[in-house]
Amino acid sequence: MLIRLDIQGLSLSRGERRLFSDLSFALSAGEAAALTGANGAGKTSLLRAVAGFIRPDAGTVVFHDAEGEMEAETARRTALHLLGHQEGLKPQRTARQELGFQV
């Protein structure tokens with residue numbers, strides 16, 4: 001069971017654009033964080049980096065259980081879940097198609 005997440009000096013770019021640099025914070029079990037920002041600010045990219053789907057440019061993501069620091073892949077495989085999002089409306093579809101719930 002995860003009891004702590006430490007983000008230390010995390011930096012992430014997408015293409016040529018730096019999304020954030022030297023980001024550090026910690027969350028313990030029972031705590032929550034709200035990620036806010038404009039589209040393209042790096043909110044989803046941060047979550048994808050924590051989940052191990054993308055590699056940050058710099059910094060570390062460290063998971064802890066009751067015994068101490070966990071191997072990241074073990075933590076991700078056994079104790080971490082990421083629910084993504086999809087667009088509610090598809091821009092390539094017409095309003096009629098969306099209202100008709102066509103697939």
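The legends below describe close-up views of a predicted model.

**View 1. The hairpin of β1 and β2.** Strand β1 spans residues 4-14 and strand β2 spans residues 17-28; the two pair in the antiparallel sense over eight bridges. Two residues lie between the strands of this hairpin. In the turn, G15 has a positive phi of about 65°. R4 has S28 of β2 as its bridge partner.

**View 2. The salt bridge between R4 and D6.** The structure holds two salt bridges, and one of them joins the side chains of R4 and D6, with an N to O distance of 3.0 Å. D6 has a relative accessible area of 10% and therefore counts as buried, the cut-off being under 20%. R4 has a relative accessible area of 34%, so R4 is partly exposed.

View 3. Helix α2 covers residues 72-79 and includes R76. E73 lies in this helix as well, three residues from R76, about one turn of the helix. Residues three or four places apart in an α-helix point the same way, because there are 3.6 residues a turn. E73 and R76 form a salt bridge, and their closest N and O atoms are 3.3 Å apart. E73 is partly exposed, at 45% relative accessible area, whereas R76 is buried, at 17%.

View 4. A polar atom of the R76 side chain lies 2.9 Å from the backbone oxygen of V50. The backbone oxygen of A51 lies 3.4 Å from a polar atom of the R76 side chain. Leaving aside residues up to four places away in sequence, R76 touches A49, V50, A51, G52, V61 and F63.

**View 5. The buried side of helix α1.** Helix α1 runs over residues 43-51. Its buried residues are S45, L46, A49, V50 and A51. Their cover includes β1, β2, β3 (58-65) and α2. A49, V50 and A51 are among the residues that R76 touches, and R76 belongs to α2.

**View 6. A nonpolar patch on the surface.** L35, L47, F53 and L82 form this patch, and together they have about 350 Å² of accessible area. L47 is located in helix α1.

Technical notes
Residues are numbered from 1 along each chain as its sequence is written. This is a predicted model: local features need pLDDT of at least 70, side-chain atom pairs count only at pLDDT 80 or more; totals for chains, interfaces and linings use all residues. Side-chain values use heavy atoms; hydrogens and water are left out. Patches are made of residues with over 30% relative accessible area and no salt bridge: like charges are joined within 9 Å, nonpolar side chains (Val, Leu, Ile, Met, Phe, Trp, Tyr) within 5 Å. Accessible areas come from the Shrake-Rupley method with a 1.4 Å probe; for residues, only the protein chains shown count as cover. A salt bridge is a side-chain nitrogen of Lys or Arg within 4 Å of a carboxyl oxygen of Asp or Glu. Helices (H or I, at least four residues) and strands (E, at least two) are DSSP runs, numbered from the N terminus. Two strands pair if DSSP finds at least two bridges between them. A polar contact is a pair of N or O atoms within 3.5 Å; within protein, one must be able to donate a hydrogen and the other to accept it, and residues adjacent in sequence count only if both atoms are side-chain atoms. Contact means heavy atoms within 4.5 Å. Buried means under 20% relative accessible area, exposed over 50%, partly exposed in between (1.4 Å probe, protein chains only).
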